[in-house]
Amino acid sequence: MTLGLVLSVSPLRAADSLDAAGAFIQDFGDRAVNALTEEGLATKVLRARFRDLYDEGFDAKAISRFVLGRYWKKTTKDERTEFMALFNKFVIQTYSAKFRHYSGETFEVTGTQPEGNNVFIVASRVLQPSGDPPITLSWRVSKTNGSYRIYDITVEGVSMAITQRSEFSSVIRNGGGKIAALIDALRDKTTKLASKEDETANTN
Amino acid sequence: MNVLRFTGHLASIALIAFFAAACTTPPEDPEALAEYQEINDPLEPMNRKFFAFNRGLDTVLFKPLAKAYVYIPKPARDSIHNMINNVKTPVNLANDILQGELERAATTLGRFLINTTIGIGGMFDVAKHMGLERHNEDFGQTLAVWGSPTGPYIVIPVLGPSSPRAIVGTVADSFLDPLTYVFENQDAELEYMLVRGGIEGIDERSRVLDVLDDIEESSLDFYATIRSLYRQRREAEILNREDGADVPGPSFMTEADDFPSPDKASLVQ
């Protein structure tokens, strides 16, 4: 519905991409809400569903690199491989858990704007059945080889990528500037969270 | 207004200077220095102590209170929440005007008139259903709009994350609140502050019970996560970005070094 608005102000080709970016997020968001807010899902199932969506829609490589910030260049190849594997696991465990408290929400894209070459910001909101104010989400999406990939979500003005990078750099600094400190912390955390696999998710 | 601007500016700069005396020394390496400035937390050792103290206080007091509070049926809690917001109107309105946001000032005023009358003393947020959405303004935000620097991150015992600019803002807001003077006349301004702060605090805490538990469970460094969340939220409030448009975030193509396009993000560089 917002697409018409966009069309009238943008050149046709750019508008096509904008349309497509918005449509991609609307479709992705709808499927995510359906798959992840189902009541009584076992943690294991919730995580598996989240993993599929994450693999499909997100640019995991670019995100891994961003959250390491200036430390990325200082890592060895082995460290990167290990970090990326642990970080992906961490994202799946922690972000899937955030859906435990939701059910009955609806998702709508409210607008799309370009942010440079083949990069788009898609604004959206999640309407809550409780009647509490909607949650605003912005998605940063890039288009490569004709397909769209998400590389950040901003929730109520808070960028997940920036928050994660800020936390990780703090762990590295407090670990004497060593990437190994972060890898150890991630390994501990993911091992701990993995033990929750057998619990049944509670939906409030 | 110029006097207000000058005094507010001066007060936040004075506070920043005061806290600067207790700061750690910045690193010399340019990249480390850039990071140090971005984090902007020279008082981190002290802040972490206060943060730990606040967490303890939360565990034994605020969280249990908030958990008990949610036993009150949601409609009643919503009414309390709405009334708190309605009472904040004068401060909101004053800051809307001081920031030159006249359209938002009209919204604030309209909401107050509608909710106080049809909404029965602010118990029901009728205005929301008429398209007048709530927003929050405070003098800390006004100072930001006027160009005062935020200063370093500060964790205040009991109250939590803040900054010199936000502290000055809170003090100024109490002067902008007509109820301060009403209760001052009764010699009860301290009681008013405590009761109001208490109710607001419990209301706010009860709304983030699940969210904060999640964040804590998924954090490697809870302190650093909260610091980042606080900063970004504050920034979004200052820029009035409630609609989710024009949000900051990693730029994908321009900072090739930080955030490479997928084809460049090869593992073997």
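1. A contact here means heavy atoms within 4.5 Å. On that basis, among the contacts in chain B with a separation of 6 or more, 65% come from residues 24 or more positions apart. The model is predicted, and the contacts are those of the model.

2. Chain B holds 13 helices and two strands. It has 269 residues, of which 41% count as buried.

3. Chain A contains an open sheet of five strands, in the order 1-2-3-4-5, with antiparallel pairing. Its edges are strand 1 (106-114) and strand 5 (158-159) of chain A, each of which pairs on one side only. As background, strands of a sheet pair through backbone hydrogen bonds, either parallel or antiparallel.

4. Which strand pairs with strand 5 of chain A over two bridges? The partner is strand 4 of chain A, residues 147-155, and the two run in the antiparallel sense. In strand 5 of chain A, A:Ser159 is the bridge partner of A:Thr154.

5. On confidence, chain A has a mean pLDDT of 88, and 90% of its residues reach 70 or more. Residues 1-10 of chain A have pLDDT below 50. Beyond near neighbours in sequence, that stretch has eleven contacts in the model.

Terms used:
Residues numbered from 1 in each chain as written. Chains lettered and ligands numbered in written order. Predicted model: local features only at pLDDT ≥ 70, side-chain atom pairs only at ≥ 80, totals over all residues. Heavy atoms only, no water. Pairing = 2+ DSSP bridges. Helix = DSSP H or I, 4+ residues; strand = E, 2+ residues; numbered from the N terminus. Buried < 20%, exposed > 50% of the residue type's maximum accessible area, 1.4 Å probe, protein only. pLDDT = per-residue confidence, 0-100.
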